[in-house]
Amino acid sequence: MPLDPASAAPLLPTAYPVQDYDPLMKGMVIGGIGILHVFLASFAIGGGFLLWWFEWLGQTGREPLARRFIDSVFRALIFVSFIVGALTGVGMWLTAIQISSPTIGLMVDVFHWVWATEWLFFWLEVVAGYAFFRYGDRLDGRTRLRLLTIYSIAGFGSLFWINGILSWQLTPGEWVETGSVWAGFFNPTFWPSLLFRTVVCFTLAALGGTIVLNLVGGFTREERERLLHRISPFFLPMLAMPFLGAWYLAAMPEDSRDWILGGSMVINMFFNIAVGASALIGGYGVIALWRQRNFMNGATATLLAALAVGATGAGEFIREGVRKPYTVRETLFSTAVTPAQVATLRETGILATDPYPLRDPEAYPTDQLREGRLVYRNLCSICHTVHGAMALNALMGEWSIEQKRLMVAKLQWTGGYMPPFAGSAGELESLVQYIAWEHAKRPKEWRESRDPEVIEEIERMLEEATTLPSPAAQKAAAGEESR
Amino acid sequence: MMLPAVDTETAAPATSTLPEVLEALPTNTVVYLALLIATYALHAVFMNYTFGGMLWTAVAALRGRYSEGAPRDTLATVVRDWLPSAVSAAVTAGIAPLLFVQIVYQRSFYTANILLFNRWMALLPALIVAVYAMYVVKAHGSAGVRDHGRAAKFLARGDVKSAAAVLAALLIGYVGLAFIENHLLSLAPETWRDRYVEGSPALPAAPAWIRLAMWALGALPTFAALAAWQLRRGAGGANDEDRARASRPLALLALTGAIGSLVLGTIVWSADHGGTRLLDDSIGRLAFGSLAGALAVGGAAWITMALHRRLSAIMVALAVSASLVAILAHAVLREGARLLALAGTPAAAREPSGLGGLAVFLVFLVISAGAIAWIVRAVARALPTTHRA
């Protein structure tokens, strides 16, 4: 039976305890592990195809050095990708649980059989990989090639499956209406994302292979040059990157695309970094290596790999950034609250459902500040810190108290990447007071502010803001005014 | 609108029996529970080999078995060579129970993860370092290392291998402890609030150590049985003399593990879980009886092999089968205790929201199984018998 998204409301974020990483932003924690994992996993996937290519070159007599190269690269694959790559993959799951349990919970609920299928491909990859690693030198050519074929397909399969889940977060497509797993999996950005990532895998395999070639002993300069030219075709798919990127952009929701193309300075900057780094890598790989048959030493290859880390990191940042204000578009806000829950939480308040108290209640002079801290913990700390990265103190500290109330009440109007405030008017006032108190460097005394007129004013602003995200909120409000 | 603050629909009342709890669960949840148990058992096979093998390797390293000029010790060599692959298999096999536990016990599993925080997350770097340490132990004789002069000499040193083997064993032990602490915390929702406020104590509580000892001892019969099977298959060029030499140490290891894990298992599984003693429950008694029976049968097989100083095919097969039954019984007891402990709480087993994709999984299950079977067959056919393992 397909999942009905309306009834798929995961637990509220308050069902789970929240850890504080201040001064680190939670996105930085998961991003750091994510970039490392994506980089290594991409190298492993592309590496499978690179090894297959060399095995074929060797067996068809085109490249007598192929066998020695394969042994070197495969050892690197096993030592790096099979260990750090595989375990950072598990780390992604565990980190996602730490950061946003409701989000990963929803993903598991919807796609667990897809993940289970990916698990089968992991098995294939591990069994084929170790069989080749342990026995490759004693196997006949046909079996070696078949093993590498299975290994490459299994590696690519793992990308295929996880790509559907990750792209679903940005463009869940018809899943939102139908609840069909496959409608969600083969979503509008599935194919451009898959092809784009495949090109990245080939590029990273070429760079990784070049580094390994320069690191291992036993090859003369001429032999390295010759092998480098054999690797260089793996840079060629980068020529398709601009078109795939354009397709990817076109398939994205309009607001996400607008942010990349300049609407959000930070996302646009990362986009430019990714484009620039990719252009440099692609240019060098295609022109210097493939076309002009130049030599690339280990230092240059490492430098290009560092650029590739930058491009991968920027790409992952963009992917995470353009989903805002959602973790699963149209389904779950970044606060881990569903659109339907916002309206209820405006009435009941978010704190009514939070069983976890503050660890340091004595640090706050008033109950209202304690409440404010709890509201921050439940609704803001997923993307912000108080004094560290994306600090509320830096973003809002200088605003007047009235301005803070207005901006938080109309949060989704303040910026389209922000979700609507999912708490009561009283909680909003507590949050505003808490931010002001933090900005005032935590004075020992602070006046409580529970003026009914202020609360009433906040309620009015919240009503005006609506419970919808931007730009639907503005449209709804405009419709209300015209009536 | 009712807020879906907690999943309580499927929670059975407290102090239920296991049949009652199971009857109250939706069919889908029971299926996922069965898959959780089955995949956990598969994971435990590799985990037990890894854990037992790590201990064996550490002892062998400390005895200088991996130093230059050490006397021939085929078993120590075979185990050392297979450990990295075994840990890869354990990690890969571990992904499926990690998936199914998120489906069935989402709230309790996630909450325990978050509460343990750095202590839990530390298992990842611990595991990474442990695997590299295993490769250091294995490095001797590897062509890639031999080519690298000073590095090769350093890695070939007996003290380096001993340190790496002990480090790997300790880290694998830490990983086991982290999983146990997480599991125990997930069973106690009434402690979550206080744990959040007060943080985790410096050291895990006594029950976690008892369980670690139970699982560690329980790993030994599996390791011994699988290692005996490898020697029978001619791993590392093992001959009759190697098998005879390994029979008594392996038997001693297996018997120590079986008796120790049974004693500790009696303590662990007879404890109160959600107001019910697992051993008073019909399913619990059946699982524990199977565990005790399997350990007894395995023990008898090992005594026979030790007396005859021979790893005979029938006895090894009996020891392997008994270990597999014991693992499955342990897995059932573990889930039974969890079901009882969480019955009636907001963190009880829940029904997953969606089931789509099962057909595709089944199709690829057949394809993958076929491909893996082909790989095993192709490798086996290409190699002479003595080089297969």
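1. Burial in chain B. In this predicted model, 51% of the 389 residues of chain B count as buried. A residue is called buried here if 20 or more other C-beta atoms lie within 10 Å of its own.

2. Secondary structure and overall form of chain B. The chain holds 14 helices and two strands. Along the principal axes, the C-alpha atoms of chain B fill a box of roughly 75 × 45 × 45 Å.

3. Contacts in chain B. Take the contacts with a separation of 6 or more. Of these, 84% join residues 24 or more positions apart.

4. Domains of chain A. Domain 1 of chain A brings 12 residues to the contact, and domain 2 of chain A brings 14.

5. The domain 1 side of that contact. Which helices of chain A each supply at least two residues of this side? They are H1 (26-59) and H3 (101-135) of chain A. H1(A) gives the largest share, with three residues. By class, the side of domain 1 of chain A that touches domain 2 of chain A has five nonpolar residues, four polar and three charged.

Note on methods
Residues are numbered from 1 along each chain as its sequence is written. Chains are lettered from A and ligands numbered from 1 in the order in which they are written. This is a predicted model: local features need pLDDT of at least 70, side-chain atom pairs count only at pLDDT 80 or more; totals for chains, interfaces and linings use all residues. Helices (H or I, at least four residues) and strands (E, at least two) are DSSP runs, numbered from the N terminus. A residue is buried if 20 or more other C-beta atoms lie within 10 Å of its own, exposed if 12 or fewer, and partly exposed in between; C-beta atoms are placed from the backbone. Two residues are in contact if their C-beta atoms, placed from the backbone, lie within 7 Å. Ala, Val, Leu, Ile, Met, Phe, Trp, Tyr, Cys and Pro count as nonpolar, Asp, Glu, Lys and Arg as charged, and the others, Gly among them, as polar.
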